[in-house]
Amino acid sequence: MPAADTVLTGARVRTLDPGRPEARAVAVRDGQITAVGDEADVRDWRGPGTELIDLGGATLTPGLTDAHSHPVWGIEMAAGTDLSAVRDLAQLRAALRTAERTKGWVVGHGLDHNAFGGQPVDRTLIEDALDGAPAFLRLYDGHSALASGPALAAAGITGPRTFAQRSAIVCDAGGRPTGHLVEHAAMALVGALVPKPTHAERRTRLVALLDAMAATGLTGAHVMDLGDGDVPALLATVEYEGHLPLRLRLAPWCMPGADEEELAGLIELQRLAGRHWQVGGVKFFMDGTVEGGTAWLEHADCHGQGTDAFWPDPRAYARAVRVLDAAGVRTATHAIGDAAVRHVLDTVAALGGQARMRHRIEHIETVPDDQLKRFAELGVIASMQPPHTAYTRADHTDEWSRRLGEDRAGRAWRCRDLRDAGAVLALGSDWPIAHYDARQVLVTARSPLGAASAGPALTGLMALEGMTSHAALAAGEQQVAGRIAPGRRADLTAFALDPVTAGVDELAEAPVRLTMSGGRVTHRESGIRGA
């Protein structure tokens, strides 16, 4: 065997490889794992240029992958004042009074629907704190925003409009726009006017963000967008100047109204790739969010909303998926409500057996019993984000639970039920909707919050699999990633403690000693040195 570039020792290695579940040392060469064995084997792997890294008793696992994230588009989504700590209207107004102005605009993100105390989202509740400034405040779900009067005026918004997708400029009984903009098309009318970072600023922020993600143990991310048209150029620039700290797999959006030419364009995009990034798949939306009233439900929510799909003609969605599937393109569909989940499953069922393990559903916040087993039967991957449970409350007094009612709120984030039903379950954060810290994904998978806290939790091993072996299955990379075995990619994460057996409180703060993505060390704890 040729000498390794790097040898990792002094670790308990959880390989997730049934052929050899545990080891003590790993050798890496040219970005791949070349050997897995015991400490006694190390001397046979070393050469004059080999770096030997002693992990000091850490637990080494396959590299963690965030199976649903928005690290490029999120730089824009998370711009301005962070409003995620705001709990009521008094706090919101106080935050807006002192918020930084960007070219005259007040921009904010992460605003919780619950801060409005059950009142309709309306600009009259905040405009006294803005001193006439145009404002664009993204709510935490990423599917709705609150715009001030001057911002609406700048966008020429004076009343309701009709969109090709399920979007709305919310107006009161008199036809006055309240400033509540629901779903992408409506939000974009004002969002397009908000000051944007320069290309250089985006590049700097992206690298800093990915470095921070790597420090939490992440080696890769499934990016559920392709952002604007210059994202491939941005990623290519970063790689020209150095390296991407995370491996990124990006899925461009397919929106309602897509014709044959647009679908052909999405298929052609699958060719785009760099050293550490690639376009892989297409993202759809079957619905919106519960709090925004746009989740597609089998029965209306408490406000009489939620009975429409994001695609006005759901059959058109099914036809688009069929075209992409025939071309071998993987799809990921945002489906939160029970009707949306059922329609995606029905769509995949109509494709036949060749579609197994090629399509996935994102979010799945509430799903009835009769749909659980269909994921495994059809080979549809469940992609879920346990940190989202923090936006709900165990007593169901939050906006999400109130809208759904007790029965549906009692079926919140059924990660364990899906795993027990045999589904492949990939886990992620959905940053910037929730924090990117991979440890928080693992923790909330094992200890769900709010409305999901009464349900069964994942075991420590299931949670780890959700960010490793099952994430690899979700990307069709099960032959090259997700396990520590010879021939697999050298994507590795070393924790100071065992993420499978440690208590959730310990795991939340567990030091990450080393992160390696594609054989390159992207994070190293102080004190972990090579020889």
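1. A quick definition to start: a residue is buried if its relative accessible area is under 20%, exposed if over 50%, and partly exposed in between (1.4 Å probe, protein chains only). Keep that in mind for strand β15 (residues 247-250): R247 and R249 point one way, L248 and L250 the other way, and all are buried. Strands here are DSSP runs (E, at least two residues) and helices are runs too (H or I, at least four), numbered from the N terminus.

2. Before going on, note that this is a predicted model: local features need pLDDT of at least 70, side-chain atom pairs count only at pLDDT 80 or more, and totals for chains, interfaces and linings use all residues. Residues are numbered from 1 along each chain as its sequence is written, and side-chain values use heavy atoms, with hydrogens and water left out.

3. Who sits beside β15? Strand β14 (residues 218-223) runs parallel to β15, and four bridges join them; for pairing, DSSP must find at least two bridges between two strands. One place to look is G220, whose bridge partner in β15 is R247.

4. Now find strand β11 (residues 144-147), which is covered on both faces: S144 and L146 are buried on one side, A145 and A147 on the other. Strand β10 (residues 135-139) runs antiparallel to β11, with three bridges, and L137 has L146 as its bridge partner. In the hairpin of these two, four residues lie between the strands, and G142 takes a positive phi near 75°.

5. On to the inside. A nonpolar core is a set of buried Ala, Val, Leu, Ile, Met, Phe, Trp, Tyr and Cys residues joined through side-chain atoms within 4.5 Å. The largest one here has 91 residues, and L248 and F375 are among those with the most contacts inside it. Helix α10 (residues 338-349) gives the most to this core, with six residues. A second, separate core of 21 residues includes L96, L130, A133 and L139.

6. Which residues does F375 touch, leaving aside neighbours within four places in sequence? Among them are V341, L345, I361, I364 and L418, where contact means heavy atoms within 4.5 Å.

7. Last, a helix pair: in α6 (residues 199-214) and α7 (residues 231-241), the axes are 10 Å apart and the packing angle is about 65°. Axes are lines fitted to C-alpha atoms, for helices over the stretch in contact, and angles run from 0 to 180 degrees between N-to-C directions.
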